[in-house]
Amino acid sequence: MEKEKLQKLVMTGMFAALSYVVFTFLQIKITLPGGDATSIHLGNAVCVLGALIMGGVWGGIGGAVGMTIGDLLDPVYIVYAPKTFILKFFIGLITGLVAHKIGKINQSNDRAYVARWTVIASVCGLLFNVIFDPLFGYFYKRIILGKAAAEVTLAWNIASTSINAVLSVIVATVVYLALRPALKKANIY
């Protein structure tokens with residue numbers, strides 16, 4: 001039991017570090033009016049991958065911590081760190097819930113079944129983000145930060161979040177399905 005907890009903690013740290021690196025150094029930042037920015041990145045794919053491997057809570061924490069640190073260390077994104085933590089945690093939580101509690105991918109050896117539920121779970125987690133990231137972001141900017149340009153940046157945020165979601169579903173699914181046999185063999189899964 002202690003070994004499992006330590007293993008989850010270490011893997012959560014690894015996914016936090018990986019999501020930070022992918023979000024921070026492999027992004028295409030798009031500058032928006034009013035000093036704001038959005039970006040195309042695969043940080044969400046790491047969050048989804050963590051949830052597929054470790055479950056929703058641990059995967060969500062890993063992705064949320066990593067991308068929140070990325071926000072805290074970027075002068076443009078620093079004010080969005082609380083929003084990032086909440087939204088990324090829920091991406092992982094929803095993905096893990098659908099994959100492990102509903103689809104029970106960890107109990108199946110049928111590759112087609114696992115692939116189908118991996119895609120479904122990834123889409124569910126990232127669809128949440130496509131809907132709530134722009135909405136939450138709009139209200140966060142408008143009400144909490146008092147930014148008048150919230151309406152102007154909303155369309156850009158919807159577009160970038162949608163692109164990130166599609167790319168993340170593809171990358172997370174391909175990487176998870178490639179890693180799954182090795183993880184099962186190593187009794188990590």
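Visitor: How many salt bridges does the count come to in this predicted model?
Guide: The model is predicted. A pair counts when a side-chain nitrogen of Lys or Arg lies within 4 Å of a carboxyl oxygen of Asp or Glu. By this rule the number of salt bridges is three.

Visitor: Which residue forms a salt bridge with aspartate 74?
Guide: The closest N and O atoms of the pair are 2.4 Å apart, and the limit is 4 Å. Aspartate 74 sits in the loop between α3 (56-72) and α4 (81-102), and its partner is in strand β1 (residues 28-31), 45 residues apart from it. The partner is lysine 29.

Visitor: Which residue meets lysine 83 in a salt bridge?
Guide: The N to O distance in this pair is 3.3 Å. Lysine 83 lies in helix α4 and its partner in helix α5 (residues 111-144), so the bridge ties together parts that are 50 residues apart in sequence. Both residues are buried. The partner is aspartate 133.

Visitor: What is the relative accessible area of aspartate 133?
Guide: The cut-off for buried is under 20%. Aspartate 133 is on the buried side of that cut-off, because its relative accessible area is 10%.

Visitor: Which residues are linked in a network of salt bridges?
Guide: Aspartate 133 pairs with lysine 83. Aspartate 133 also forms a salt bridge with lysine 88, with the closest N and O atoms 3.7 Å apart. Lysine 88 is in helix α4 and aspartate 133 in helix α5, so this pair joins parts that are 45 residues apart in sequence. The network is made of Lys83, Lys88 and Asp133.

Visitor: Is lysine 88 buried or exposed?
Guide: A residue under 20% relative accessible area is buried. Lysine 88 has a relative accessibility of 7%, so the residue counts as buried.

Visitor: How far apart are the end C-alpha atoms of α3?
Guide: Helix α3 has 17 residues, and at 1.5 Å a residue they should span 24 Å. The expected span is 1.5 Å times one less than the number of residues.

Visitor: Which elements do the buried residues of α3 pack against?
Guide: The buried residues of α3 include Gly56, Gly59, Ala64, Met67 and Asp71. The elements they pack against are α1 (2-25), α2 (43-54) and α4.

Visitor: Which element gives the largest share of the largest nonpolar core?
Guide: The core has 30 residues, and those touching the most other members are Phe15, Val48, Leu52, Ile53, Ile105, Leu126 and Tyr176. Two or more residues each come from α1, α2, α4, α5 and α6. The largest share is eight residues, and the element giving it is α2.

Visitor: Which residues is valine 48 in contact with, leaving aside neighbours within four places in sequence?
Guide: Valine 48 is among the core residues that touch the most other members. Contact means heavy atoms within 4.5 Å. With those neighbours left aside, the residues are Ile91, Thr95, Ser122, Leu126 and Ala172.

Visitor: What is the relative accessibility of asparagine 44?
Guide: Asparagine 44 is found in helix α2. Leaving aside neighbours within four places in sequence, its contacts include Met67, Lys88, Asn129 and Ser168. Asparagine 44 counts as buried because its relative accessibility is 1%.

Visitor: Which residues lie nearest the centre of the largest cavity?
Guide: The search of the whole structure finds one cavity of 30 Å³ or more, and the space in the largest cavity is about 330 Å³. At least two lining residues are supplied by each of β2 (37-40), α3, α4, α5 and α6. Of the 22 lining residues, those nearest the centre are Thr38, His41, Tyr77, Lys83 and Asp133.

Conventions: Residues are numbered from 1 along each chain as its sequence is written. This is a predicted model: local features need pLDDT of at least 70, side-chain atom pairs count only at pLDDT 80 or more; totals for chains, interfaces and linings use all residues. Side-chain values use heavy atoms; hydrogens and water are left out. Helices (H or I, at least four residues) and strands (E, at least two) are DSSP runs, numbered from the N terminus. Buried means under 20% relative accessible area, exposed over 50%, partly exposed in between (1.4 Å probe, protein chains only). A nonpolar core is a set of buried Ala, Val, Leu, Ile, Met, Phe, Trp, Tyr and Cys residues joined through side-chain atoms within 4.5 Å. On a 1 Å grid over the protein atoms alone, a cavity is a set of points where a 1.4 Å probe fits but cannot get out, and a pocket is an open set with protein on both sides within 12 Å along at least five of seven lines; lining residues have an atom within 4 Å of a point. Grid points are joined across faces, edges and corners, and a volume is the space filled by probe spheres set on the points.
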